[in-house]
Structures are given as C-alpha cells and as structure tokens.
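Q: I would like a close look at one part of this model, followed by how that part sits beside the rest of the chain. Please keep the answer connected and plain.

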Amino acid sequence: MNNSQLLVCIFIVSYYMLSYQELNFFCVDLDKLIFLTKPIKYEFSFRWSAGVLLIIKNYTGDRLNFGMSAERAKSQLGVKVEMVVVGEDCALTSSDKTAGRRGLCGTLFIHKICGALSDEGKSLEEIVKLAKDAASKMGTIGLSLTPCSIPGSGPSFQIADDEMELGLGVHGEAGVKRTKLVSAKEAVKMMIDHMTNPSNCTHLPVKKGDRVACMINNLGGTSMLELNIIAKETIELLESRGVVVERAYCGTFITSLEMAGISITLLHLDDTLRRCLDAPTTAPAWPRPLLPCGTMTRKTPVRMPREDIQAKVTKTGPKMATVESAEASLIHDCLKLAGERLVAAESQLNELDRESGDGDCGSTMARGAHGILASLGSKENPKLPISCPGGLALTLASAAEDTMGGSSGGLYSLFFTAASTCLQTTVSPNTYCDALIAGIQTMMKYGGAEPGDRTMLDPLHSASQAWSAALSSHSPLDAFHLAVEAAEKSAEETVTMKAQAGRASYVSADHLKHPDPGARAVAIWMRAVLEALTS
C-alpha cells in the first residue's frame with residue numbers, strides 16, 4: 001500500500017464477501033450472529049498516523065456499534081477516525097421519518113473507490129470528501145422471488161410462488177411492494193422506473209447523456225445464467241434511454257444468504273471515479289473490466305442483422321420441381337396451421353418434457369414455429385417458396401437450424417434437408433412419402449435412435465409405414481389420413497416404451513408415465529397438416 005499512513009477500515013459481517021480484502025483494506029470479520037452487529041473490542045497496534053476511515057452501511061446497529069468503536073479509538077488511542085455511512089437504497093417512497101436509506105450493494109463501489117484513493121496517497125480528508133460525494137451519486141434497488149432463511153429459523157418472510165418482492169434489503173427483511181411474476185425485461189423496467197421515479201424521495205436522477213457504472217448483484221440463490229439475462233436487459237433499457245453504461249459488473253457481490261433475487265446499482269461516473277474503479281487490485285472477487293486495447297469506455301456491440309430464413313437457401317443448386325397455385329395455397333395453409341398448433345401446444349409439451357428432459361421441448365418447437373410463421377407471408381404474397389416443395393424443405397431446414405437450436409433443431413434440419421432431395425424433379429403423393437422416409441433414415445443415421453426407442457422417430461416411422469402401404473389402395477388423402485392416425489397411435493404408445501435415446505434414456509422408467517414430448521409434437525403438426533388439407 002503506497003499510503004502506509006492511512007488505513008481504510010471496512011467492517012463487514014462474514015456472510016459478505018471477504019474476498020474483497022486487499023492491502024489497502026483492513027477487514028474485521030464479525031461472525032458471531034448473522035445480521036447482528038456487536039461492538040469491536042479488538043486491540044489494534046495503530047501505526048496509521050494519517051488516520052482511519054470506517055465505511056459502514058446505514059443500519060442503526062452498525063452506526064451505533066461502529067460509532068462506539070470509533071469514539072473509543074479517538075479518545076483512548078488518540079487515533080484520527082472518520083466514518084462514511086453509505087445509504088443508497090432507492091426503495092422507500094414515503095417522506096415520513098424513518099431509519100433512513102439502507103446501505104446495499106453500492107457500498108462495494110465506495111470500498112473500491114476509497115481503496116484506490118488510499119493507494120494513490122490521498123489524505124483522509126480528501127478520501128472522505130470523494131467517498132461521500134460518490135455515495136450521493138448512487139442508487140440501488142432489489143428484487144426477490146424468495147425470502148432467505150436464517151440458520152435455525154424459518155424464512156424471513158412469506159411470498160407466493162407467483163409473486164415477487166420489490167425493494168428489499170440484505171438482512172432478510174421484506175420489501176416495499178409485492179407484485180405478480182413478470183418477465184426479466186418487465187422486472188428490470190419496474191426496478192429502474194422505481195429507482196429513478198422523481199416522485200420517490202429516495203430516487204436517483206438519471207437522464208439522457210449520463211455516464212454510469214452498473215452493478216448486477218446476486219442476492220444469493222440466482223444462477224449466473226439468470227444474472228446475465230438481467231444484465232442484458234438492464235444495459236439495453238438504460239441505453240434505450242440514452243444513458244451511457246461505461247462500466248458493467250455482474251456477479252455475486254453482497255448476498256442475503258440463499259435468497260433468490262437480484263439488486264441493480266447505478267453510480268454516476270466522472271473521470272476520477274472511473275479511474276478508481278479501474279485501479280489495479282489484488283482482491284480476487286473484484287471484477288476487472290475487459291476492454292479492447294486503447295479504449296476506456298465499454299460499448300454494447302451493434303446487433304448483427306439476421307438474414308431472412310429464405311435468403312439463406314442457396315440459389316445456385318439445380319432447378320427444382322414446382323406445383324400449381326392451388327397446391328401451393330394448400331401448402332401455405334398446412335404450414336400456417338401446423339405452426340399455430342405447435343405454438344398453442346408449448347405449455348403442454350414443456351410439461352411432458354419436465355418428466356424426461358429439461359422442460360423446453362414446447363418452447364423449442366414454438367420458437368421454430370414462430371420463425372416460420374413470421375416468414376410465411378400471405379397466400380397472395382408468400383415470402384417462402386411454397387410453390388417449390390424441394391426449395392421449401394431446404395428453407396424449413398435452415399429455419400430449424402437457426403431458430404430452434406438443440407437436438408430437436410438439428411434433427412429437424414437433417415430431416416428437411418434429406419427430404420428435399422426427393423422433391424427436386426417430381427412432386428407427387430409418392431415423392432412426399434419418399435421424402436418422409438428419406439428424412440427418417442437421415443435422422444436415424446446421425447441421431448442414433450431407432451423405432452421403439454421412445455423418441456420423435458416413432459410416430460414418423462409409423463406414419464411412413466402406414467402411408468407407404470396405403471398409397472397403392474387408397475386415395476392420396478385417405479392414405480395420408482391413415483398415416484396421421486398411425487403417428488398419433490405411435491406417439492401415445494411411447495408411454496409404454498423403454499427410453500433408449502435422448503435425455504429420457506438417463507431417467508428411471510418409473511418416472512416416465514406420459515408420452516414422449518417430441519413424439520407428441522410430431523402427432524400435433526401431422527394432424528394440423530391433415531386438417532388443412534381436408535378443410
């Protein structure tokens with residue numbers, strides 16, 4: 001520490017992050033009782049003639065007990081002591097007398113700033129002035145889905161599974177507002193709006209052109225995936241309002257035990273504060289800004305435009321067979337109804353997938369359906385090549401690859417790519433059936449599943465067998481009708497099959513009490529195609 005005459009003293013409880021400790025911080029661990037502050041009675045060998053700075057959060061117990069220790073140090077040891085009380089909570093809406101704004105995750109910004117200033121050799125008076133100024137330019141708002149549970153006690157408050165708590169602190173106390181669950185985007189907007197609402201006496205003014213540092217904090221039980229989603233939504237919202245997010249930090253900084261929640265902190269930046277945040281530190285938990293060489297300000301990359309799914313289909317291949325406008329109109333109806341049915345079945349398929357997978361089969365299928373419906377266009381002005389079944393199959397393959405993702409997206413992409421080869425020169429009921437068979441064979445080749453393995457392959461295989469057998473003795477529509485019935489029957493029969501492929505193969509057979517979701521999805525879109533053909 002360059003300024004060896006000054007001690008920056010941060011008093012924290014053990015459930016906070018002790019990994020922020022470094023040479024220009026002296027941390028006292030108070031782990032006797034969680035959420036309870038006690039007087040400090042340690043004997044220090046004081047050698048900091050420039051003085052001691054205490055940084056505490058604005059809680060009554062903290063002010064009283066650390067204030068008592070500061071007074072003792074001054075009177076009994078003759079030590080020069082200053083205290084910075086951080087209270088940046090923006091939750092309170094009433095102007096009535098209260099204990100004041102609580103100190104929350106923004107306190108870490110003050111820790112880092114004071115440590116950097118001490119390392120630069122600034123005097124105690126200079127550091128106190130800058131720290132108080134920074135604390136006045138900062139705001140934090142919290143949001144939780146669950147309470148925390150103090151060891152030996154029950155939950156600190158009660159909240160329903162479909163509710164969220166806005167404006168809570170870090171000691172397990174409830175917030176100022178309870179609302180129904182909303183999306184991450186809506187939750188972030190609610191938090192930022194509350195934080196910056198001029199009608200709230202504790203609001204933080206934020207306007208277009210302001211430069212800020214943003215900290216997304218995990219209150220304990222939030223996954224890194226969810227934190228990154230919140231970070232994305234927060235930065236996008238602020239930038240949409242013209243706010244420049246020069247620094248962004250996302251991680252577990254100050255927790256409330258296992259509480260599933262987050263807090264958002266904004267700090268107005270100037271060159272000094274930004275320099276202090278960027279100053280080197282040996283504290284392992286402090287996140288370093290990752291910026292391109294020679295730049296001082298982070299920028300959100302410009303979103304790359306996505307090509308229309310039809311535009312990705314190569315135009316350099318062989319010329320493919322086309323159909324008359326009446327048949328093209330039927331193909332349009334089939335795509336539209338199949339897509340709508342898959343979107344409507346999202347929740348049903350997700351529920352089935354929770355039994356055997358990760359609960360997202362319906363969302364995956366709906367994502368692909370939304371992509372196709374968005375690109376379909378009208379019958380009169382189609383945006384997909386509905387008059388060219390081979391080209392359409394390639395387009396659907398590209399759509400599955402781009403919009404669905406996962407194993408389902410890969411399998412459907414393989415399926416439609418292989419199917420297109422059977423529709424290049426001739427389009428007829430027989431070639432449609434051949435396309436189905438070609439798609440199935442390719443899925444088996446690369447996916448590794450076989451009929452009877454309890455997968456989406458089962459209804460497709462049953463449909464292909466029934467369709468192929470019926471084409472010689474039934475009308476094309478009746479033959480396809482039999483194929484759809486075979487697919488539906490096979491999809492329901494997967495409930496009795498032993499899973500030998502996909503995620504379900506890792507699940508005990510005792511837990512698989514419903515049909516395979518991928519198989520049910522096949523039955524849904526095949527039934528929709530039949531209904532569109534017969535309507």
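Is E493 buried, partly exposed or exposed, and what is its relative accessibility?

A: The model is a predicted one. In it, E493 counts as partly exposed because its relative accessibility is 35%, which falls between the limits of under 20% for buried and over 50% for exposed. E493 forms a salt bridge with K489, and the closest N and O atoms of the two are 2.5 Å apart. Both residues lie in helix α14, four residues apart, or about one turn of the helix. K489 is exposed, with a relative accessible area of 53%.

D516 is buried, at a relative accessible area of 9%. Apart from its neighbours within four places in sequence, D516 is in contact with R454, T455, M456 and T494. D516 and D353 are 163 residues apart in sequence, yet their C-alpha atoms are 7.4 Å apart in space.

A nonpolar patch on the surface is formed by L330, L477 and L533, with about 200 Å² of accessible area together. Of these, L330 lies in helix α7 (residues 325-344) and is partly exposed, with a relative accessible area of 33%.

The structure holds 28 of them. In general, side chains of opposite charge can pair when their charged atoms come close. E233 forms a salt bridge with K232, with 3.5 Å between the closest N and O atoms. Here E233 is buried at a relative accessible area of 12%, while K232 counts as partly exposed at 40% relative accessibility. Both belong to a network of salt bridges that links K185, K232, E233 and E236. R274 and E246 also meet through their side chains in a salt bridge, at 3.3 Å from N to O. This pair links distant parts of the chain, with R274 in helix α6 (residues 271-278) and E246 in strand β9, 28 residues apart. Both R274 and E246 are buried.

Six strands form an open sheet with mixed pairing, in the order β7-β6-β5-β10-β8-β9. Its edge strands are β7 (177-180) and β9 (244-251), each of which pairs on one side only. On average, neighbouring strands of this sheet are turned by 20° against each other, direction ignored. Strands β8 and β9 pair in the parallel sense over seven bridges, and N217 stands opposite G251 in β9. β8 is mostly covered, with seven of its eight residues buried. Strand β5 (residues 138-144) and strand β10 (residues 261-268) pair in the antiparallel sense, also over seven bridges, and S144 stands opposite G261 in β10.

Helices pack on this sheet as well. Helix α4 (residues 184-196) touches β5, β6 (163-166), β7 and β10, and its direction makes about 140° with that of β5. Helix α5 (residues 224-240) lies across β8 (211-218), β9 and β10, running at about 170° to β9.

For the whole protein chain, the secondary structure comes to 15 helices and ten strands. Buried residues make up 49% of its 535 residues. Among contacts between residues at least 6 apart in sequence, 72% join residues at least 24 apart.

Definitions and conventions: Residues numbered from 1 in each chain as written. Predicted model: local features only at pLDDT ≥ 70, side-chain atom pairs only at ≥ 80, totals over all residues. Heavy atoms only, no water. Pairing = 2+ DSSP bridges. Helix = DSSP H or I, 4+ residues; strand = E, 2+ residues; numbered from the N terminus. Axes fitted to C-alpha atoms, helices over the stretch in contact; angles between N-to-C directions. Contact = heavy atoms within 4.5 Å. Patch = residues over 30% accessible without salt bridge, like charges linked within 9 Å, V, L, I, M, F, W, Y side chains within 5 Å. Areas by Shrake-Rupley, 256 points an atom, 1.4 Å probe, with all protein chains shown as cover. Salt bridge = Lys/Arg side-chain N within 4 Å of Asp/Glu carboxyl O. Buried < 20%, exposed > 50% of the residue type's maximum accessible area, 1.4 Å probe, protein only.
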